[in-house]
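Subject: Structure handover

Hello,

Here is the structure I said I would pass on. My notes on it follow below.

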Amino acid sequence: MPTVFVPSLMRELTGGQERVVVEGRTVRQIINNLDASYPGMKARLVDNDRIIPGMAVIVDGEVSRLGLLQRVSEENEIHFLPAIGGGCGSQPDP
């Protein structure tokens with residue numbers, strides 16, 4: 001079964017577990033099964049049947065562009081990570 005690495009801000013839902021093994025063949029199934037075992041997970045990951053804005057799904061080190069439709073296999077490692085924003089702006093004068 002796929003291994004899900006739980007973001008630190010969601011570990012209170014898993015009793016502090018950093019990773020959990022969850023059954024599923026798609027990210028959607030993984031999230032639904034996570035929520036069945038750890039209520040509240042889906043609300044933190046999904047909005048209007050899409051991964052919430054600002055959250056990235058990483059499968060085996062690759063950012064998924066398919067979101068909930070991303071297929072996964074039993075050996076996959078899945079991470080849900082907040083997207084990191086920023087950029088370079090003008091620097092203030094010294």
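Helices (H or I, at least four residues) and strands (E, at least two) are runs assigned by DSSP and numbered from the N terminus. By that rule the protein chain has two helices and seven strands, in the order β-β-α-α-β-β-β-β-β along the sequence.

This is a predicted model, in which local features need pLDDT of at least 70 and side-chain atom pairs count only at pLDDT 80 or more, while totals for chains, interfaces and linings use all residues. Residues are numbered from 1 along each chain as its sequence is written, and side-chain values use heavy atoms, with hydrogens and water left out.

The inside

A residue is called buried under 20% relative accessible area, exposed over 50%, and partly exposed in between (1.4 Å probe, protein chains only). Of the 94 residues in the protein chain, 36% are buried.

A nonpolar core is a set of buried Ala, Val, Leu, Ile, Met, Phe, Trp, Tyr and Cys residues joined through side-chain atoms within 4.5 Å. The largest one here holds 21 residues, and those with the most contacts inside it are Val 4, Val 27, Ile 31, Leu 34, Ile 78 and Phe 80. Two or more residues each come from helix H1 (27-37), helix H2 (41-45), E5 and strand E7 (77-82); H1 gives the most, with four. In soluble globular proteins, nonpolar side chains tend to be buried together.

Contact means heavy atoms within 4.5 Å. Beyond residues up to four places away in sequence, Ile 31 touches Lys 42, Leu 45, Val 46, Ile 51, Leu 68 and Phe 80.

Leu 13 sits in the loop between strand E1 (3-5) and strand E2 (19-21). Is Leu 13 buried or partly exposed? Leu 13 counts as partly exposed because its relative accessibility is 23%. Leaving aside neighbours within four places in sequence, Leu 13 is in contact with Tyr 38, Pro 39, Gly 40, Met 41 and Arg 44.

The pocket

A pocket is an open set of points on a 1 Å grid over the protein atoms alone, where a 1.4 Å probe fits, with protein on both sides within 12 Å along at least five of seven lines; lining residues have an atom within 4 Å of a point. The volume is the space filled by probe spheres set on the points, which are joined across faces, edges and corners. The largest pocket has about 250 Å³ of space. Among its 13 lining residues, Ile 51, Ser 64, Arg 65, Leu 66 and Gly 67 are the closest to its centre.

Regards
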